[in-house]
Every structure is written in structure tokens, then in C-alpha cells.
Amino acid sequence: MQTLTNRSENVDRSPMTFVESLYLPAIVKGMGITLKHFFKKPATYSYPEVKRPFSPVFRGLHVLNRDEEGRERCTACGLCALACPAEAITMEAAERLPEEENLYREEKYAAKYEINMLRCIFCGMCEEACPKDAIYLSETFTPSDYARKKFIYAKEDMLIPNKNTEKEDYEKALGKDVPTTASAFFD
Amino acid sequence: MTLLVIDWALIIEKLILIVVVVLASLVIALYSTYGERKIAAFFQDRIGPNRAGPFGLLQPLADGAKLIFKEDVIPNAANKWLFILGPAMSMTAALITSAVIPWGNHLEIGKRIVPLQIADVNIGILYVFGVVSLGVYGIMIGGWASNNKFSLMAALRGASQAISYELAMGMSLIALLMLTGSLSLKTIAAQQVGHLWNVCYQPLGFIIFLVCAFAECNRTPFDLAEAENELNMGYHQEYSSMKMGFYLFAEYVNMFISSAVMATMYFGGYDLPFFNPANHSANFAALIGIIALMAKVLFFIFLFMWVRWTIPRFRYDQLMNLGWKKLLPLALANMLITAVVILWLHK
Ligand code: SF4
Ligand code: SF4
């Protein structure tokens with residue numbers, strides 16, 4: 001039979017020899033293996049003091065983007081909701097008023113934009129579908145909570161801080177010095 | 001005329017010794033649970049408990065407090081008195097074994113010589129055996145009184161396992177006794193001071209004894225009596241709160257005591273190689289002896305845990321095959337060979 005990898009071995013079904021049936025050699029061998037692991041660096045982290053670095057392609061909590069002038073990019077086209085396999089996104093569109101031009105980039109914007117984080121499977125389809133670069137999956141994950149309704153994230157929960165008016169919050173949101181960034185993964 | 005002279009000093013000295021030994025076994029058992037969890041973690045590339053106190057050192061206390069404050073349920077259909085007797089018996093049997101173990105040579109307090117052994121019974125080993133086999137009643141009674149089919153099945157398994165392995169254990173011991181010519185643990189330990197340890201004369205006997213000790217302590221790979229995945233925790237399934245704590249705790253005390261017995265019988269007890277107690281003051285020698293014995297005991301406890309986190313549980317038929325078809329004949333052969341060699345050397 002052709003094997004997929006050259007690592008497969010045939011199972012030896014011959015009866016055990018006397019030494020084998022005492023189990024001791026096999027046990028000693030096994031103990032050697034476990035002893036090696038005894039001195040290995042643990043693979044786990046003391047969360048939350050130490051955070052595990054995510055992989056560079058980690059898909060976490062959603063972020064709604066703003067453009068350079070700090071206007072919301074989303075135009076409530078609904079493509080993300082359509083692409084979403086989990087049907088986690090709902091939105092309501094509204095028309096931009098003339099005096100709101102500094103708030104919204106397009107004439108139509110999302111008055112209400114909600115993602116149900118319990119439904120979301122963090123596949124990133126919304127990110128791919130968006131024609132306006134408005135939605136991104138960040139490198140943080142949804143914190144735990146006590147009530148289901150707290151997992152329905154409103155637009156305000158996901159909107160990135162305005163980098164012109166709320167500079168500090170914006171820097172924080174980018175998470176440059178948090179050890180969970182991609183750079184930490186490689187060192 | 002007094003027929004009975006009461007030696008008060010003796011009584012007080014023994015009482016202190018008993019309290020110290022019992023407390024020490026309890027504390028060591030307590031911290032064995034911590035050690036077990038930490039060592040398991042290290043073997044599995046984890047960190048282990050590190051939240052309660054520095055390095056998680058208060059974890060056993062937290063566990064104990066948790067167990068005490070849990071609701072203590074006695075099932076309706078259970079036999080109430082036997083249900084209570086089960087864990088009590090396990091614990092008592094585990095604790096009283098320590099009476100005959102020589103923890104060190106002797107202390108000199110003033111003119112008085114205080115042996116560091118609660119009772120130097122001249123049939124010490126038989127006493128250990130007797131009490132250890134009492135421990136299986138704890139399992140039996142607990143399993144029976146729970147009135148639960150899984151518990152009963154586990155109890156039966158536990159009992160048959162204990163019987164099978166005690167036999168091989170006894171046989172391997174007979175070979176050792178032929179060598180030492182004494183049943184007193186004190187004599188056996190004293191014989192090894194400054195000489196080769198018994199394990200050098202009885203390597204096979206020691207291995208058989210070790211395997212059987214694992215079985216007697218109900219430790220993996222012989223923990224069929226509490227097989228979590230087939231029997232839902234086995235004999236202590238219906239137990240809760242501190243009653244269950246007692247069962248779990250008795251296992252650790254047993255582990256400590258059987259480590260001490262093994263260290264005494266095969267690894268020179270309180271003997272430290274290249275250390276001649278005659279050259280030092282008695283108290284200093286005793287202290288070194290206690291430390292040496294404890295180091296050996298700790299090594300054995302580590303070995304118990306090491307094995308537990310290495311190999312899975314035996315299947316029931318494998319267990320019986322190993323006990324009756326492998327260990328017992330080996331122990332018999334070991335006994336015969338020892339007898340022949342001893343006769344030959346004496347000729
Ligand atoms: S990540 Fe996937 S599941 Fe979550 S909202 Fe976007 S498209 Fe839907
Ligand atoms: S986030 Fe993008 S895809 Fe979704 S509604 Fe807004 S603009 Fe359209």
C-alpha cells in the first residue's frame with residue numbers, strides 16, 4: 001500500500017516476549033521521555049500576567065476604521081453582513097447631513113452597527129468583503145462577561161478612537177507596546 | 001510493693017514521638033498533593049498551581065479548606081455507619097503503619113537514650129503487612145456502603161488486586177528476610193549501616209517489592225479501584241467533602257509510609273554512605289540519619305509520581321496476569337536463588 005508519508009509503521013502483532021510482558025523496559029523508556037519533559041520550558045503561560053504572543057495572522061475583535069481626517073469609513077453597504085457566514089452583523093443606514101461631513105466619509109453611514117460576538121466565528125470574511133477598508137479584525141480577543149447581551153458589540157465599542165482628537169486612546173488602541181503583537185511571536 | 005512501675009519519661013517520650021511522626025506524615029502527605037500537581041505539571045510542560053501564596057505553596061491548605069466547607073452528602077440508600085467507617089479506616093490504617101519505622105538511630109538527651117522509633121516490634125515487617133492489608137478494608141467498606149454498583153465493582157477490583165500483589169510482595173520479602181535473619185525493621189536498618197545496602201543483594205526482590213508497593217498504594221498504573229473513566233472515580237464516587245478528602249489523603253500517607261518502608265528495608269534506612277556515625281556525637285548522627293532517610297523517602301515519592309505521570313492504567317486482565325503469572329513466579333525464583341546462594345556460602 002502506498003503511504004502518504006514515509007513515517008507510517010506497520011503494527012507488530014506478534015505476541016510479547018517474556019521481557020516485554022514484564023512491561024519494565026517499556027516503562028523505563030517512557031520514564032526517560034517524561035524526564036526529558038520535566039526539564040523543558042513549559043509551553044503554557046501564567047495568564048494574565050504573561051500574555052501569549054499571537055500569530056501574525058491572528059483574527060480577533062473587530063475594529064471599525066476611520067480615515068486620515070478621522071471620519072468613519074463605513075458606508076453601511078451591508079456587504080460585510082452579507083459575507084458573514086455566522087450572520088453576526090446587523091446595521092441600520094442613515095443619510096449624512098451636510099453638517100456631518102467631518103464625521104462620516106460617505107454620504108450614507110451606519111447609524112447602528114452591531115456584531116454579536118457570540119455568533120461571530122472570527123473568520124475575517126467581513127474584513128475581506130468590505131470595499132471601504134472600514135472593518136478590521138484586531139489582535140485582541142473578546143473579554144469574557146456575565147450576560148449574553150453584553151456580547152452584542154455596538155458601533156461605539158468597536159470604533160477606533162479618532163487619531164486627531166483622541167491621540168492617546170488611538171495609540172493605545174493600536175496596541176504598539178502590548179506583548180501580544182506579531183513581533184513578539186518571532187523572538 | 002509495686003508490681004507495675006510506670007516509666008513516665010518513656011510514656012512522655014513516646015507520646016512526643018507519636019505526635020511528631022503523625023504530624024510529619026500529615027504535613028508530608030499534604031505537601032505531596034502539592035508536589036504531585038507541580039510535578040505532573042512539569043512532566044506535561046505546564047506551570048502548575050501558582051496562585052495561592054508564593055509558588056502556590058498555600059494550595060494544599062486552600063484545597064483542604066475547600067474540602068471541609070463542601071457539603072457532606074451521605075446517600076439515602078447508603079449504610080450510614082459503614083459509610084463513615086470506610087474513610088476513617090483508610091486513614092487510620094495509613095497512619096499507624098509509621099509506628100515501626102526507625103526514623104533515625106537515637107538521640108541522647110541528658111543521660112537518656114531516646115530511640116527514634118515509636119515501637120521496636122520484633123515482627124515489625126509483619127506488623128506493616130498486617131496494617132497495610134487493613135487499608136484495603138477501607139476501600140471495601142467504602143465501596144460496599146455506598147450502595148452504588150460502580151463503587152462496589154471498584155471495591156472488588158481493589159480487593160482482588162491487593163490480594164494478588166500482597167502475595168508477590170510477601171515472597172520478595174522472604175528472600176530479604178533470609179538475608180537479614182530478622183523481622184525487626186530496626187535490626188534490618190542497623191545491619192545496613194556502613195555496609196552495602198540490601199538492594200545490592202536483592203535487586204530483583206526490590207523491583208518486585210516496588211511494583212507491589214505501587215499496587216498496594218493504589219497508584220497508577222494500578223489505580224483500578226478508582227478508575228475515573230470506567231468506574232466514575234470508583235469506590236469513593238459517592239463520597240464528598242472531607243470524607244473524600246480522607247480517602248485521597250490516605251493515599252498520600254500510604255505513599256509516604258511505603259516509601260519509608262522501602263528506604264528502610266532496601267536502601268539502608270537512615271544510613272548515609274561514607275558517613276560513620278561513630279565518629280560524631282549521637283545527636284548529630286541522628287539528625288544526619290533523619291535527613292538521609294527523608295531524602296530517600298522524597299526520592300521514592302518522586303518516583304511514585306514520575307511513574308504515575310508516565311504510564312497509563314493497566315487493563316484488569318493485564319493486572320492479574322502481571323501479578324500472578326509474572327511477579328509471583330519471579331518472586332519465587334528470587335526466593336529460591338537467594339536460599340541456594342545463602343546455603344552455598346555458609347557451607
Ligand atoms: S469575522 Fe466572520 S463571523 Fe465574524 S462578523 Fe466577520 S464575517 Fe461574520
Ligand atoms: S463595514 Fe464595510 S462592508 Fe460592512 S457595511 Fe461598512 S462599508 Fe460595507
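Predicted model: local features only at pLDDT ≥ 70, side-chain atom pairs only at ≥ 80, totals over all residues.
Residues are numbered from 1 along each chain as its sequence is written, chains are lettered from A and ligands numbered from 1 in the order in which they are written, and side-chain values use heavy atoms, with hydrogens and water left out.

Start with the interface. On chain A, 21 residues are in contact with 21 residues of chain B (contact means heavy atoms within 4.5 Å). Together the two chains bury about 1,800 Å², with 71% of that on carbon and sulfur atoms; buried area is the accessible area, taken with a 1.4 Å probe, that two parts lose on being put together, summed over both. If you want residues to look at, A:Y23, A:M31 and A:F38 supply 32% of what chain A buries against chain B, more than any other three residues.

What about polar links? There are seven residue pairs in polar contact between chain A and chain B, both residues at pLDDT 80 or more. Here a polar contact is a pair of N or O atoms within 3.5 Å; within protein, one must be able to donate a hydrogen and the other to accept it, and residues adjacent in sequence count only if both atoms are side-chain atoms.

Now turn to ligand 2. It has 13 residues around it, and A:C74, A:C77, A:G78, A:C80 and A:C130 come nearest (near means a heavy atom within 4 Å).
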